[in-house]
Amino acid sequence: MKHKSEFLNFIQERGYLYQCAGAEGLDRLLLQDNHIIAYIGFDCTAPSLHAGHLIQIMMIRHLQKFGCKPIVLLGGGTTKIGDPSFKDKARSILPIENIKQNTSGIKRVLEKMVSFDDGKTGAVIVNNADWLDNIKYIDFLRDIGEHFSVNRMLSFDSVKIRLDREQNLSFLEFNYMLLQAYDFVELNRKYGCRLQIGGSDQWGNIVNGIELGKKLNLPELFGLTSPLLLNAQGIKMGKTESGAVWLDSNMLKPYDYWQYFRNVDDQDLGRFLRLLTDLPIDEIKKLESLKYQEINEAKKVLATEVTKICHGEKEAEIARSAAVLAFENEDSSLLPDYVITKEQVANGIPLVDLLHDTGLGPSKGAAKRLIQGNGCKVNNNTINDVNYIINFESFKDQPFVKLSAGKKRHIKVVVG
């Protein structure tokens with residue numbers, strides 16, 4: 001579908017546009033005023049965002065390039081409930097102090113990737129705890145709750161799936177829709193926000209906010225959703241066997257972040273270049289047309305560009321250079337370190353434990369299966385004994401032990 005506004009055409013070409021509420025009206029608004037205010041929200045359920053949030057972060061960056069002003073809404077209030085959308089069960093309720101710490105961690109990540117200057121397109125961070133914590137609940141039910149139909153709320157897939165699976169949906173979680181809808185209303189009243197952007201799993205929540213705005217006689221509100229970041233197998237990106245692909249360098253080293261994107265499936269290359277980098281379309285088309293061994297060169301470009309956005313150009317180049325030297329020139333000394341003590345070596349460390357401790361095996365059971373399947377190497381030698389011990393003998397030929405899980409995941413074990 002061809003749009004009149006540059007922004008909608010751009011996000012459609014790049015693959016960001018999944019659903020749009022009020023597409024024609026939004027198209028007209030963008031033509032009349034390319035400085036509209038839009039918001040994207042993140043609940044504070046962890047101390048960092050992860051790779052699954054990258055599409056939303058890229059949308060913020062693109063909004064700024066097209067002259068729009070983004071609001072980043074941190075859910076310091078809504079996190080106290082937890083979004084039930086498409087979840088099999090309720091999230092654990094986090095202590096208030098944890099939510100505050102997570103809020104600070106997410107801010108630090110975003111400030112590296114998004115411009116928060118004082119300019120016309122500079123993003124602003126707000127926290128919905130600022131208004132949700134002060135709600136008088138009876139007044140809220142009278143003023144806002146009366147505009148919501150339970151029948152309508154039950155019709156959204158995000159709720160129906162939980163009920164169809166006969167999993168409990170608490171009344172606490174059921175309130176989440178009202179609170180997110182109210183966020184949109186509050187942001188319109190305070191900042192003139194007209195557009196909410198979220199992942200496709202947020203469609204029901206976004207529509208509720210638009211409908212609430214209409215009932216409260218606000219200017220017309222609009223919604224955009226983007227596809228969830230899935231790999232070629234249809235699995236959500238952002239998590240691996242060894243854990244989440246965090247955007248905070250204290251939780252995942254830039255080198256490991258680079259490696260994650262270097263190892264994506266060939267089928268995902270073009271889509272990820274469009275969604276997760278700032279490269280122009282013409283350059284992306286050239287990269288995705290590469291065949292055979294040249295595809296690996298295109299994957300290095302993807303990994304470097306994605307790492308550059310998250311960790312900066314210097315860290316991206318360090319990660320790229322280290323990976324090339326380590327894997328193409330077989331210089332194991334450049335692999336990331338995992339430090340163990342002399343006492344541990346003297347006592348002997350079971351290989352199963354070491355695989356688990358380094359993150360190469362997500363569990364000890366998985367580590368055992370890796371060894372039994374000939375997927376583990378110590379100093380480039382395949383080990384299939386689940387009782388294998390790492391001791392001083394393992395370090396006799398060099399000052400470190402190269403530990404490998406499969407062909408692409410390696411770590412250097414050193415004695416500290």
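Predicted model: local features only at pLDDT ≥ 70, side-chain atom pairs only at ≥ 80, totals over all residues.
Beyond its neighbours within four places in sequence, Thr78 is in contact with Asp43, Asn128, Leu132, Tyr176, Leu179 and Asp183. Thr78 sits in the loop that runs between strand E3 (69–75) and helix H4 (96–113). Its relative accessibility is 2%, so Thr78 counts as buried.

**The sheet**

Next, show the strands as a cartoon and pick out E1 to E6. In what order do the 6 strands of the open sheet lie? The order is E1-E6-E5-E2-E3-E4, and the pairing is mixed. At the edges are strand E1 (19–21) and strand E4 (124–127), each of which pairs on one side only. On average, neighbouring strands of this sheet are turned by 25 degrees against each other, direction ignored.

Zoom in on strand E2 (residues 37–43) and strand E5 (residues 195–199). The two run parallel and are joined by 3 bridges. To find one of these pairings, select Ala38, whose bridge partner in E5 is Leu195. Strands of a sheet pair through backbone hydrogen bonds, in either a parallel or an antiparallel arrangement.

**Two helices against the strands**

Helix H2 lies across E1, E5 and strand E6 (222–226). The direction of H2 is at about 105 degrees to E6.

Now turn to charged side chains; the structure holds 14 salt bridges. Start with Asp133 and Lys80, whose side chains meet in a salt bridge at 2.7 Å, N to O. Which parts of the chain does this pair link? Asp133 is in the loop between helix H5 (129–132) and H6, while Lys80 is in the loop between E3 and H4. These are distant parts of the chain, with the two residues 53 residues apart. The loop that holds Lys80 also holds Thr78. Both partners count as partly exposed, because the relative accessibility is 45% for Asp133 and 25% for Lys80.

Helix H6 supplies the largest share of the patch, 3 residues. Leu141 is one of the residues in H6. How accessible is Leu141? Its relative accessible area is 34%, which means that Leu141 is partly exposed.

Select Arg274 and Glu288 next. Their side chains meet in a salt bridge at 2.8 Å, N to O. Arg274 belongs to helix H13 (residues 269–276) and Glu288 to helix H14 (residues 281–288), so this pair ties together parts that are 14 residues apart in sequence. Arg274 is buried, with a relative accessible area of 16%, whereas Glu288 counts as partly exposed at 32% relative accessibility.

Then go to helix H15 (residues 294–311) and select Lys300 and Glu297. The side chains of this pair meet in a salt bridge at 3.0 Å, N to O. About one helical turn separates Lys300 and Glu297, because they are 3 residues apart in H15. Lys300 counts as buried at 11% relative accessibility, while Glu297, at 42%, counts as partly exposed.

To see a network of salt bridges, select Arg61, Lys65 and Asp278, which are linked in one.

**Two asparagines with positive phi**

The tour ends at two loop residues. Select Asn217 and check the backbone: phi is near 60 degrees, a positive value in a residue other than glycine. Asn217 is placed in the loop between helix H11 (203–215) and E6. Is Asn217 buried or exposed? At 71% relative accessibility, Asn217 counts as exposed.

Asn380 lies in the loop between strand E11 (376–378) and strand E12 (381–382). Its relative accessibility is 48%, and Asn380 therefore counts as partly exposed.

Definitions and conventions: Residues numbered from 1 in each chain as written. Heavy atoms only, no water. Helix = DSSP H or I, 4+ residues; strand = E, 2+ residues; numbered from the N terminus. Buried < 20%, exposed > 50% of the residue type's maximum accessible area, 1.4 Å probe, protein only. Contact = heavy atoms within 4.5 Å. Pairing = 2+ DSSP bridges. Axes fitted to C-alpha atoms, helices over the stretch in contact; angles between N-to-C directions. Salt bridge = Lys/Arg side-chain N within 4 Å of Asp/Glu carboxyl O.
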